[in-house]
Amino acid sequence: MNSPDDEDVVFVDVVLLRVAPDGHTIAVGDDDVVIDLTASDPPPAHTLQTLLDASVQLAAPGELPSAVVRAIAATPVPQLFRRCPWLHKHRVLLLAQDRCAVGGSVLVYHDQRGLHLEEAAPAPPADEVGAASFDLLSRPWIPVVGLDGQARLMGLEDVIAAAHTIRRLAAETPTMTAALHRLLLAVFHRAYGPPSEADWGRLWAAKQFPADALRTYLDRHRHRFDLFHPRLPFMQCADLVTLAPATAAKLVSYRAVGNNVTLFDHTTSADQVTLSAPEAARWLVALQAFDPGGMKTPYEKDKSSERAPCNWFGVVLVEGSTLKETLLLNALIYRPEGEKPAMTTPQDAPVWEQEAGPSPRPDKRTARGWTDLLTWPSRRVLLSAAGSGQDTLVDGVVITPGTRLDARLADEEMMAAFRKPRDAKGRFKRDAPLLGVRLHPLRGIWRHSVELLLTDLWEEGKNRQRPGTLDQIADLAERRYLPDDTVYTLRVFGQRLDAKASVVETWLEEEIPAPVALLRARDESLGAIIGCAITLADEAGSALRALRSGYHHEFRDNSVADIDGLYWPRLSQPFGTFLIEVGDARNAGRSEAPATRAWGRHVTELALVAVARWVAGSPAEGRAMAALGKHHGLFRTRLTVAEHRFHAQLAAYCNGAEDTDA
């Protein structure tokens, strides 16, 4: 509370808690009492005394920066404290490995020294004095949402060490969130492997990731995670220092710069743009994974650049209940000396393990393995820093063509689904390569559920391929590491580029449920059931478009509204329910028929509602209204035929007898 004599002085009482090795929350100074901050009843007497013993009072101004104290004071009082008269004004600092990021700083707790700011890094050599520095391992820059629902920034090391306390990453854009997950996975693989399913199982069973293995790995490469290192800046090329930097807005794909149109942004290319070090770091990681193609600043002569690899597919992430689960669900068995995962060689390494920085000249090569691909250097970049210490800003950037990927992505990319294109008659093109499944701005990713979820049993002449991570989850469930009745979430990230693949038009993020029972399925009937369900939705959508185009063709009425937007977006949620119900039926040995009937009803009802809304918004009168009625009748006929065909086809694929009470 504020002092009556000086309103600028702030006091806040704080309870210091630790995350124990087993994942439980304990008080500093007493590791015997487990603290449940979500409990609604006040703590019992012995727990209360433990919490009071672990409390300190912070003041601003004082030994800690005022911004830190005020940030702590602004946090909510935990549920456990609210009905306790001794604690109802106390806040909490939750320490992971005795460290906590708050108010743009990192606090460290020591049993003798108490709570203090993290000490500055050792002084740089004389020729580097005054250089900017931003340690990505300890300084907060990665946006996360904790299990308490609070959003915060954390350093890379703390994100992995405290992953069991984090719900998910949530960055400014879907593409940035996807790129940050790929970065974390590369660090995770190099620190933990895991080299076998047994090692994966031990990590899954543990409350949190072992701190020693992570610290040992990061300590070997700590100097490579400095965003402004004078010789080896993170994910950058120091040799670009000879080129004049452009505006920092070039890092941010929604900013209006050069040919980039102002779809998201109302600034102009003449505006001065500066980014904080955390912002610049996030955009740098996203740029390497998702930068569009087109002309870049040449280092010598070469201006042309291909789109970064993640533009060729939707990045598929299997999401668990915590970030710890999410990282493990997307972590493949990693043993480079055994060429695991596929196409990974003993020379595999992320960009920060290269002995020297990249050449400024663009090149082309194959990936050395999975972590090399996860951190692919698609651009040569150099940030221009202004200021030093906590006041460092990025006021410019050089971006030149980087390394072109020479690969057949279906052989190497494990976080994407692939499928063969079809011809005009809907048949797979026999000699066509597998192409990445991408997101569509209107039609949901659920329409590719067969490619995303189900294994293709016909290896010869393969027409589809689900993400490699899902193959591993199916294997782990087969060996009882994961229960069959679990339903995970597939979160798919991507962006849409213009026709020249040089400008971002929109970002996309969608999700579908992924029942483990479906991931384990080894029969083609399940693919047929889901395929028929998607076909019904497609045929209903075609009937809707035929209604609109028929009316438009007859009257050349350009004022007719689009009809797709009234139909497609409303199918995603009921289709997710359909997938879960089919998975439950498979897991219990029941017939899938009740789920398919419910889906058929949803499609029909949503199509009819879409037509009703479209007709209500139509300006048709007189003869036009009569014609509209004619086309509406044709639509109803097409919809009825599609629904009857759907149920007739499914009769041959649904397992077992239908439930009598269905």
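Salt bridges around Glu509

Reader: What makes the pair Glu509 and Arg491 a salt bridge?
Author: The closest N and O atoms of Glu509 and Arg491 are 3.3 Å apart. A salt bridge is a side-chain nitrogen of Lys or Arg within 4 Å of a carboxyl oxygen of Asp or Glu, so the pair qualifies. This is a predicted model, in which local features need pLDDT of at least 70 and side-chain atom pairs count only at pLDDT 80 or more, while totals for chains, interfaces and linings use all residues. Residues are numbered from 1 along each chain as its sequence is written, and side-chain values use heavy atoms, with hydrogens and water left out.

Reader: Which strands does the pair Glu509 and Arg491 tie together?
Author: Glu509 lies in strand S25 and Arg491 in strand S24 (residues 487-497), so parts 18 residues apart in sequence are tied together. Strands (E, at least two residues) and helices (H or I, at least four) are DSSP runs, numbered from the N terminus.

Reader: Why is Arg491 called buried?
Author: Its relative accessible area is 10%. Buried means under 20%, exposed over 50%, and partly exposed in between (1.4 Å probe, protein chains only), so Arg491 is buried. Glu509, at 34%, is therefore partly exposed.

Reader: What makes Glu478 and Arg520 a salt bridge?
Author: Their side chains meet at 2.8 Å, N to O, so the pair is within the 4 Å limit. Glu478 is in helix H12 (residues 468-478) and Arg520 in helix H13 (residues 516-520), 42 residues apart. Arg520, at 18% relative accessibility, counts as buried, whereas Glu478, at 45%, is partly exposed.
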